Amino acid sequence: MWKTVNTGAARAEEALKQFLPPCQLKCPINEDIQRTNVLISMLPLDPEGAREGICQIGDYLHERNPLFTVCGYVCGLCELECNYQAKGGSIRRRLLKRFISDAYMDRIREKEEINVEKTKEDVAIVGGGPAGLMCAYDLSRRGYRVTIFETSDRLGGALWLIPHYRLPEDVLTTAVNNLVRICEADVKYNARIGEGKYSLDKLRKDGFKAVFIAKGTPMPRILTYGREKVEGQELSGVMYGQTFLYEVSHGNIQPNYFGGKKIIVIGGGNVAFDVARTARRLCGETTLVCLECEDKCSKDGIPADEEEIKGAWEEGVQIVYSRGVRRIMGKGGKFQRIECPHCASVFDETGFNPVFDSTDIVNIDGDVLMITVGQGPDRSFLQKENLLDDRGRLAVDPLTLQSLNKDWVFIGGDVRKIGFMVEAMHEGLVAAESIERHLRGLDMRAGRKREYEPQDIPFRRIYKHEPEVVWIPPEKRLHFQLFERGFTLKEAIEEAKRCARCGPCVSCKACLAIGIQHSLPVVEVNEETCSGCGICTSICYYGSAQWRFKDGGTVSTTDTFRCKACGMCVVACPSQARRMIGDPMDTRIQEVFSTLGA
Amino acid sequence: MTTFEPKIVCFSCNFGWGYLTDPEVREMQIKHWIPVVCSGKIDATHILKAFRSGADGVLILGCVDGDCHFQDGNYQTRKKVQLLQRVLPSFGIDPRRVRIELSLDPEGNSIRKIVEDMGRDLRPMGPLGMKEISAKPVATR
């Protein structure tokens with residue numbers, strides 16, 4: 001079995017021009033996707049033997065991203081930019097990561113605490129969601145003493161709103177609890193910063209030299225029509241989707257809770273679909289009403305993911321497109337029906353500005369109405385702590401996440417800008433870097449923004465088709481167990497092999513890590529002997545061998561950022577103008593040939 | 001001639017063959033073993049040079065078609081080998097002395113057997129440069 005050696009070398013190094021594989025560019029925390037794909041593809045075929053390799057890959061991933069086990073269930077942003085997308089379907093990186101994650105669960109519980117002496121300042125982190133946790137982890141690694149103040153009685157923040165059929169509870173609890181255990185961060189539960197005596201200034205007085213605020217977006221957005229609030233949102237039977245998901249995840253709602261009831265969900269985002277599918281699993285007859293139309297390519301297309309829509313449809317959620325809600329009607333304080341005018345257009349040049357057609361109105365009856373039209377930050381807290389600007393927006397530097405009003409306060413995650421889980425995690429890392437720079441008196445901005453170009457897909461003869469994702473059939477999946485089947489070892493190896501390895505060697509170095517190569521060779525062109533014929537440019541799969549005009553003729557060159565040192569051009573060159581530097585093959589050939597004894 | 005043991009140079013791709021085993025162990029098992037990062041790096045000149053240096057056969061082990069780490073290196077080599085096999089007889093070399101195998105063996109335990117099999121096939125031919133050249137004189141114009 002190979003042993004990976006992590007010398008910390010596989011990272012995007014600073015350079016004038018730098019390529020990265022598009023998946024790594026798309027990933028907000030720039031995970032080494034190609035590297036792990038290569039490592040998975042080289043696992044032993046027997047499950048016993050593979051376990052050790054999987055743990056090594058897991059260790060490597062965990063070091064960069066202690067929440068990777070969760071990402072393996074819910075993220076998959078990298079797949080959106082995969083070069084393979086147009087050639088047979090993106091590499092299913094999320095399932096590959098889930099494969100590692102499933103096998104890594106036991107290991108994560110045994111992982112030792114980080115061995116760093118915490119001699120630096122105290123830092124307070126407000127909010128124990130993905131952003132706060134990542135910030136805590138990174139700062140702890142740097143030697144800061146971190147305390148997380150969490151409003152509720154458990155860590156994870158908005159991740160708890162993801163239904164368990166997509167993210168199993170033990171995956172989440174294992175990831176977050178072990179994260180704080182490993183980085184030895186102090187956690188204060190039920191600590192409502194901003195309420196009562198717990199102000200930010202109090203934290204400062206208590207000795208915290210910097211504060212990172214990642215309180216997320218706990219406030220559901222109220223339903224509006226035109227600019228007006230829709231009346232009737234206080235009726236019994238009307239609730240907000242986030243509150244509902246929160247209660248379900250806490251186990252406060254019995255199975256069959258909605259048995260025989262008609263549920264109406266308002267909203268067209270992924271959260272609305274989570275609500276609808278959860279309600280369906282609680283035996284409710286569910287209808288989802290959204291402003292947007294069913295054509296995802298149109299400007300007014302529904303924002304939820306294709307997979308969510310398909311899943312909901314299969315499970316029997318009725319979806320009503322292009323309808324707004326003008327009135328919520330009830331009788332005796334109890335919700336009865338909504339009045340839905342047709343929505344002719346959702347977005348215009350100014351952004352969200354729905355136009356309704358009041359001649360086309362339908363009424364939809366129901367017993368429960370769940371409003372899931374977005375969520376926002378706790379503005380009163382931000383106001384009270386003087387973190388907003390004159391126009392009521394968050395006063396924060398988007399590059400450093402430092403508050404413009406209080407230089408010891410940093411703000412990031414959903415509270416600054418709603419996004420995916422991994423985007424919040426990225427902000428946690430940015431804040432950690434900023435806090436370090438702030439407390440060490442370093443330049444806050446120098447060298448923080450790097451430009452990368454995505455690398456094109458290499459040319460090859462055969463592109464393989466993506467594997468089917470296996471879901472439990474809809475009639476059998478109306479429960480809160482996982483409905484998606486993960487990869488087996490064989491499938492994972494097959495899928496990892498499909499990866500075209502577009503990225504440059506410097507950002508991967510998987511071959512060095514497992515000892516297949518000892519250094520990355522470089523191809524050198526001797527311009528004296530190069531005839532400029534261009535055979536190398538036609539054989540190169542990576543667009544690295546290129547022509548260049550010189551003294552009225554052409555010579556070939558090698559773009560070292562693109563070059564993988566496969567040696568195909570060296571072999572193809574008819575005038576032997578190309579050679580590989582740092583390649584042990586020639587020495588080895590000489591050694592072996594000398595023993596043949598001709 | 002019964003004691004003749006053909007000397008077989010074995011090139012093997014690191015991404016498909018024996019990457020789970022220590023190279024030192026592998027080296028002890030296989031004589032004249034040259035691990036390469038991609039079979040696509042092997043040129044006809046390497047093969048001919050092996051013959052010139054005294055090899056009786058050349059074995060190339062590459063990845064499964066379509067699974068090359070460097071896109072299509074194995075395909076390029078297979079192409080070269082097949083072309084070379086067409087040319088070799090005119091130089092008095094039996095084309096069976098060059099063999100390419102595109103397959104996968106992470107443990108690399110089968111390499112030894114493949115080399116032995118090839119050795120068994122080559123044994124009746126005798127050492128390179130004896131039988132073939134006398135049996136089939138090169139046609140010249």
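These legends go with several views of a predicted model.

**View 1. Chain A as a whole.**
Start with the overall build: chain A carries 19 helices and 23 strands. Laid along the principal axes, its C-alpha atoms fill a box of roughly 105 × 55 × 55 Å. Chain A has a radius of gyration of 28 Å, which agrees with the value near 25 Å that a compact globule of 598 residues would have. As for burial, 45% of the 598 residues in chain A count as buried. Now look at who touches whom: among contacts in chain A with a separation of 6 or more, 72% come from residues 24 or more positions apart.

**View 2. Strand S11 of chain A and its cover.**
Here we zoom in on S11(A), which runs over residues 285-289. This strand is mostly covered, with 4 of its 5 residues buried. It has strand partners too, namely S10(A) and S12(A), and the next two views take them in turn.

**View 3. S10 and S11 of chain A, plus the helix that links them.**
S10(A), residues 262-266, pairs with S11(A) in the parallel sense, and 5 bridges join the two. To find your place along the pair, look for Ile263(A), which stands opposite Thr286(A) of S11(A). How does the chain get from S10(A) to S11(A), and which hand does the crossover have? It goes through helix H11 of chain A, residues 270-281, in a right-handed β-α-β crossover.

S12(A) covers residues 318-320, and its pairing with S11(A) is parallel over 3 bridges. A handy landmark is Thr287(A), whose bridge partner in S12(A) is Gln318(A).

**View 4. Where chain B meets chain A.**
Which parts of the two chains meet? On the chain B side 31 residues are in contact with chain A, and on the chain A side 30 residues take part. Three elements of chain B each supply at least two residues to the side that touches chain A: strand S2 (33-36), helix H2 (44-52) and helix H3 (73-87). H2(B) gives the most, with 4 residues. By residue type, the side of chain B that touches chain A splits into 13 nonpolar, 11 polar and 7 charged.

Terms used
Residues are numbered from 1 along each chain as its sequence is written. Chains are lettered from A and ligands numbered from 1 in the order in which they are written. This is a predicted model: local features need pLDDT of at least 70, side-chain atom pairs count only at pLDDT 80 or more; totals for chains, interfaces and linings use all residues. The radius of gyration is taken over C-alpha atoms; the globule rule is 2.2 Å times the number of residues to the power 0.38. A residue is buried if 20 or more other C-beta atoms lie within 10 Å of its own, exposed if 12 or fewer, and partly exposed in between; C-beta atoms are placed from the backbone. Two residues are in contact if their C-beta atoms, placed from the backbone, lie within 7 Å. Ala, Val, Leu, Ile, Met, Phe, Trp, Tyr, Cys and Pro count as nonpolar, Asp, Glu, Lys and Arg as charged, and the others, Gly among them, as polar. Two strands pair if DSSP finds at least two bridges between them. A crossover is right-handed if, with the strands pointing away from the viewer, the path from the first strand over the helix to the second runs clockwise.
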